[in-house]
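Me: I would like to go through this model with you, beginning with the ligand site. Please keep the answers plain.

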Amino acid sequence: MIDSIDSKSASFESTHKNETAVMTPSNLESITLLTARNLGKRYGHQIALQNVNLEIQRGQFVALVGMSGGGKSTLLRLIAGLETPTTGELDFNVERPIIRVMFQNDRLLPWLDVMANVTFRRHQADVQTRAAKLLTLVGLSDFASRYPAELSGGQKQRVALARALMAEPQLLLLDEPLGALDALTRRKMQDLILQVCREQNLTTILVTHDVEEAARMSDRIIVMKQQTNLYEAAGFDRRDPATVGIVADRVLREIMDEADQKQTRSTNED
Ligand SMILES: Nc1ncnc2c1ncn2[C@@H]1O[C@H](COP(=O)(O)OP(=O)(O)OP(=O)(O)O)[C@@H](O)[C@H]1O
């Protein structure tokens, strides 16, 4: 278990094992957007999430990583309001922010063209102008009248991003949105999402299986572990490729440790 490592520009914070601990990243910004306290979710007898304590600051880009079945998507769905917690609470600063979610499946409507997908259910006077601006931002200004079936996977995800941005969200939740893309398109989409999030000062939570993607894109990486054991890497310089490699390696080792411990726990239970 890594407690605290400082290399040139990377620092790793210790894991909280205390059930009531609230994580505080080293690059803390001043305004808290959301706080989870002892958050838990159960499906029948299945515990999907337990005692999660977490603060996310406005403008942060946070990655959630961890073993399969560790509760990442559940946490994202609770934050999105798509599910209700079984225990604990989730507080948003002031009022509930506008939240949009992007999934691996682009969820575009196949019978609508790109422009109509982006403007779907939007009725403001300037909706076409805003949609056109967003399509330019995501590099699809020439594709407004194409249908989803006529687009590549990366182009569809760019439409999905433009559609999410139409709502002017304060919080963008990304549930493995780039998982189905090839490496080059994926890298380009990472850069685009980062650029958009920075420009719009969006708070973003990304669920990903790709630790390098997490390290390249985020200010903080949270490794979801059994119950309250959340390991956090924060304060590293993601513009430095060497640092990204070190962070990704550390995070992967944390996930592998967790997998070993889980195996030991289940062997002991048998
Ligand atoms: N609707 C549901 N009904 C029953 N169990 C569920 C449901 N959704 C999730 N679970 C269980 O809760 C646990 C956490 O699932 P979750 O999808 O949040 O994990 P994850 O970390 O996102 O996994 P992955 O990386 O494989 O997508 C798993 O054991 C899963 O089987």
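Me: Which residues are around the ligand?

Reply: This is a predicted model, in which local features need pLDDT of at least 70, side-chain atom pairs count only at pLDDT 80 or more, and totals for chains, interfaces and linings use all residues. Residues are numbered from 1 along each chain as its sequence is written. Around the ligand are Tyr43, Gln46, Ala48, Gly66, Ser68, Gly69, Gly70, Gly71, Lys72, Ser73 and Thr74, where near means that the C-beta atom, placed from the backbone, lies within 6 Å.

Me: Which elements give two or more residues to that shell?

Reply: They are strand 4 (46–57) and helix 1 (72–80). Helices (H or I, at least four residues) and strands (E, at least two) are DSSP runs, numbered from the N terminus.

Me: Which of them gives the most?

Reply: Helix 1 does, with three residues.

Me: How many bridges link strand 3 and strand 4?

Reply: Strand 3 (residues 32–43) pairs with strand 4 over eight bridges, in the antiparallel sense. Leucine 39 has valine 52, in strand 4, as its bridge partner.

Me: And the whole chain: how many helices and strands?

Reply: The chain has seven helices and 11 strands.

Notes
Two strands pair if DSSP finds at least two bridges between them.
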